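Start with how the pieces of this fold are placed against one another. The sheet and a pair of helices follow in turn.

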Amino acid sequence: MQRRSTTTYGFAQTGGLLKNSIRRASESRGFAQSRVLTHWEEIAGSDMAAISRPVEISYSRGGMGATLTLLTTGANAPLLEMRKEELRERVNGIYGYNAIARIRVTQTAATGFAEGRVAFEHRPAAKPETAPRPEALNEAHRATEGIGDDSLRQALERLGANVITRSQR
């Protein structure tokens, strides 16, 4: 019998190594299926996922369905409240049965959670500062010609050039 050769050379996929750790962490928050956490945008839709995050699934003592806690900002809470039933149906579709009986909306500051400080919306990268144009530098130099103190004149030139450049954008 010929031995099967592999191309992994003894290495394992990261997903396989982390599967048990992810499962234990998500189960500690009540998520029997971590898919609700990892695929929230697909479940809730991009518009609802942009304003909410699943935080916890808690089970009542009677066992008559669980409560999914969603985190959102104060301004988006009414929108999320209106669509709770739709979200509940989508999450239950992942579980395959009516696992979630209620959805509770929890509000937080616009900056996000206390642990991790996660913002809800994607922020574009900060634009690098552009140097003032030569015309703005010349105009600022002409405006500050009468100032005798060199350090003050140079500081005012930089300030004037920046103000002129920004006002012309």
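A crossing counts as left-handed if the near helix is turned anticlockwise from the far one by less than a right angle, and as right-handed if clockwise. The model is predicted: local features need pLDDT of at least 70, side-chain atom pairs count only at pLDDT 80 or more, and totals for chains, interfaces and linings use all residues. Residues are numbered from 1 along each chain as its sequence is written, and side-chain values use heavy atoms, with hydrogens and water left out.

Helices (H or I, at least four residues) and strands (E, at least two) are DSSP runs, numbered from the N terminus. Two strands pair if DSSP finds at least two bridges between them.

Three strands form an open sheet in the order 1-2-3, with mixed pairing. Strand 1 (52-59) and strand 3 (100-108) are the edges, each pairing on one side only. Strand 2 (residues 66-73) pairs with strand 3 in the parallel sense, over eight bridges. Leucine 71 has threonine 106 in strand 3 as its bridge partner.

Next, the helix pair. Helix 7 (residues 134-143) and helix 8 (residues 150-167) pack at about 135 degrees, with their axes 8 Å apart. Axes are lines fitted to C-alpha atoms, for helices over the stretch in contact (heavy atoms within 4.5 Å); angles run from 0 to 180 degrees between N-to-C directions. Helix 7 is therefore oblique to helix 8. Angles under 35 degrees count as roughly parallel, over 145 as roughly antiparallel, 65 to 115 as roughly perpendicular and the rest as oblique. The crossing of helix 7 and helix 8 is right-handed.
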